[in-house]
Amino acid sequence: MSLDAAGVESEWWDQRQLADRFPQFRIGEGVEVLWQKDTGFLYASACVLIYLQLAEAHGAEVREDTSVIEINWQETYPEVITNGERFQGKKVIVTAGAWTGQILSDLNLPLTVTRQQVVYYRPTDANLFQRDRFPIFLDVTWNEVLYGFPVFGREGVKIARHGMGQPVSPDTYNRTPDPAYIEHIRSFLRERIPDAAGEALFAQVCLYTETPDEDFIIDTHPDCTNLVLATGFSGHGFKFASLVGRILSEMALEDTTGFDISPFQLTRFEK
Ligand SMILES: Cc1cc2nc3c(=O)[nH]c(=O)nc-3n(C[C@H](O)[C@H](O)[C@H](O)COP(=O)(O)OP(=O)(O)OC[C@H]3O[C@@H](n4cnc5c(N)ncnc54)[C@H](O)[C@@H]3O)c2cc1C
């Protein structure tokens, strides 16, 4: 198992052990539960703010509300064209998420942008779902991958399905959550975590940028080694942001990285 290989402690629990520790869950007999005591989550918007502050503290100039319209990579030093300005860099790093396929359209990157939804449900008793009493979980026993968090930052228990979103355009996708999806997730909660199956307090639509194998793309442009790109994080990229940032900065500053990024190269899609 990957956790063992990485030297990370974990335990297998049965139904009774889960009920003793987290009575909020209802699982069938015979279902095995993998427990990892150090599991955590990142407060994503606070992380992004800190990244920006650190970048500025190290001399970066942050341009907000500035859209890149085109990247001219045919030059030795790629040129970034925005509304009214042009920038040329010895190295340019592109991490445009769901828009990377458009910005680098000549590459025909194997990216599919999909629509995802998260919902916050009212619990019968919010105390049952505080961080010291309820874990971050991932349930793979319901023919889908469903995950959830303790109450944090917003009222309600945050639950979502990983993947299975429909392909969309990042410019025109429907940002209104689907009532059918909210009901579908609630039916999961009624079965598995009945105390969290209250009304939907808040729901949000966002995007995954998926590759065919759900692994990332971290590489240089095949025809311009001064253009570095990182995309296709397939719904599991945020936790790696610090590491990917380090890799990208090494690729930009030193032309190479000490980390093994061979699984993330574009050439894998040629096979
Ligand atoms: C519902 C949901 C749940 C998720 N849960 C997890 C999780 O539990 N764990 C995890 O690790 N990851 C999770 N993720 C995935 C994670 O959010 C992404 O993998 C990560 O944000 C991808 O980073 P990125 O930099 O590639 O793209 P983004 O974070 O989307 O950043 C791209 C940036 O580029 C900017 N941009 C785009 N086009 C242009 C342009 N033309 N000009 C200028 N700027 C531009 C955008 O405005 C944006 O700021 C989740 C995602 C969703 C939607």
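**Ground rules.** This is a predicted model, so I keep in mind that local features need pLDDT of at least 70, side-chain atom pairs count only at pLDDT 80 or more, and totals for chains, interfaces and linings use all residues. I number residues from 1 along each chain as its sequence is written, and side-chain values use heavy atoms, with hydrogens and water left out.

**Entry 1: Thr 100.** I found Thr 100 in helix α4, residues 100-103 (helices are DSSP runs of H or I with at least four residues, strands are E runs of at least two, and both are numbered from the N terminus). Leaving out residues up to four places away in sequence, Thr 100 touches Val 94, Thr 95, Leu 109, Leu 111 and Thr 231 (contact means heavy atoms within 4.5 Å). I also noted that a polar atom of the Thr 100 side chain lies 3.3 Å from the backbone nitrogen of Ala 96.

**Entry 2: helix α6.** I checked the length of α6, residues 241-254. Its 14 residues should span 20 Å at 1.5 Å a residue, and the end C-alpha atoms are 19 Å apart, which agrees (the expected span is 1.5 Å times one less than the number of residues). The buried residues in α6 are Val 244, Ile 247, Leu 248, Glu 250, Met 251 and Ala 252. Their cover includes the strands β6 (92-94), β12 (217-221) and β13 (224-231). After α6 comes Asp 255, with a positive phi near 70 degrees.

**Entry 3: salt bridges.** How many salt bridges does the structure hold? I get 16 (a salt bridge is a side-chain nitrogen of Lys or Arg within 4 Å of a carboxyl oxygen of Asp or Glu). One of them pairs Arg 63 with Glu 85, at 2.7 Å from N to O. Arg 63 sits in the loop between α3 and β3 (68-72) and Glu 85 in the loop between β4 (79-82) and β5 (86-88), 22 residues apart.

I then looked at Arg 115 and Asp 178, whose closest N and O atoms are 3.0 Å apart in a salt bridge. Arg 115 lies in strand β7 (residues 112-121) and Asp 178 in the loop between β10 (157-161) and α5 (179-192), so the pair ties together parts 63 residues apart in sequence. Arg 115 counts as buried at 3% relative accessibility, while Asp 178 counts as partly exposed at 24%.

Terms used. Polar contact = N/O pair within 3.5 Å; in protein donor to acceptor, adjacent residues only side chain to side chain. Buried < 20%, exposed > 50% of the residue type's maximum accessible area, 1.4 Å probe, protein only.
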